[in-house]
Amino acid sequence: MYSLYNLKKMNTLLAYIALLAMAFSLVSASDPSPLQDFCVAVTDTHETVFVNGKFCKDPKLATPNDFFFSGLRLPGNTSNKVGSLVTPANVAQIPGLNTLGVSLARVDYAPYGLNPPHIHPRATEILTVLEGTLYAGFVTSNPEIRLFSKVLYKGDVFVFPKGLIHFQLNVGTTKAMAISTLSSQNPGVITIANAVFGSKPAISADVLTKAFQVDKNVVENLQSRF
């Protein structure tokens, strides 16, 4: 039989557990992560209806093709200015990925081809090299702005944390190929140079001149290339 002392200890322990449960519930409470760049609120639902992600098909109508994609079989065409091509396999290509929080991409590189500096605003990326040799890295946020980089060989894996600028360069004389796994059904991609120098409409040259500390003619020349 419990003594009065033991009952008090039990009550204290139960109170402590209850407080911990409340604390954890508050910590875990948050808005759902966005699955697109933005979602503008409307007061009149007759104007439009949009969900965070994609509408769901009736499960009874689902087919194997909803979970299938053959687009990663063939190498991508790397005959472009940067010498690389990314073939995505996200919810746009595989409807069955909706709500599952994962996607893939195949990245092909010509000799010395570059997957230029970019970010995925909604996903962490794990890159696995299947062919060739890549120099890969990412840069941390301000104020440290540290570069983490490695030369990767066939079978090597490298992680790019969510939202950080990263890149891959084929440093070999032969073609290279990698598979990227991402922690979002729609990770998004912002290629830094394209966004800064090729936005529509263009960012004021005065802004970029001051930001990059270069002559205005240099900025205008770069903008003309994108």
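Ile126, Val157 and Val159 make up a nonpolar surface patch with about 220 Å² of accessible area together. In such a patch, residues have over 30% relative accessible area and no salt bridge, and nonpolar side chains are joined within 5 Å; areas come from the Shrake-Rupley method with a 1.4 Å probe. A salt bridge is a side-chain nitrogen of Lys or Arg within 4 Å of a carboxyl oxygen of Asp or Glu. The model is predicted: local features need pLDDT of at least 70, side-chain atom pairs count only at pLDDT 80 or more, and totals for chains, interfaces and linings use all residues. Residues are numbered from 1 along each chain as its sequence is written, and side-chain values use heavy atoms, without hydrogens and water.

**Isoleucine 126**
- Isoleucine 126 lies in strand β4 (residues 125–131); strands are DSSP runs of E with at least two residues.
- Isoleucine 126 is partly exposed, at 36% relative accessible area (between the limits of under 20% for buried and over 50% for exposed).
- Threonine 181 in β9 stands opposite isoleucine 126.

**Sheet with β4**
- The order β1-β2-β9-β4-β7 describes an open sheet of 5 strands with antiparallel pairing; strands pair if DSSP finds at least two bridges between them.
- β1 (84–89) and β7 (157–160) are at the edges with a single partner strand each, so one side of each has no neighbour in the sheet.
- β4 pairs with strand β9 (residues 176–182) in the antiparallel sense over 6 bridges.

**Sheet with β5**
- An open sheet of 5 strands runs β6-β5-β8-β3-β10, with antiparallel pairing.
- β6 (147–152) and β10 (190–191) are its edge strands, each pairing on one side only.
- Strand β5 (residues 134–139) pairs with β6 in the antiparallel sense over 6 bridges, and tyrosine 135 stands opposite valine 151 in β6.

Key. Patches are made of residues with over 30% relative accessible area and no salt bridge: like charges are joined within 9 Å, nonpolar side chains (Val, Leu, Ile, Met, Phe, Trp, Tyr) within 5 Å. Helices (H or I, at least four residues) and strands (E, at least two) are DSSP runs, numbered from the N terminus. Buried means under 20% relative accessible area, exposed over 50%, partly exposed in between (1.4 Å probe, protein chains only).
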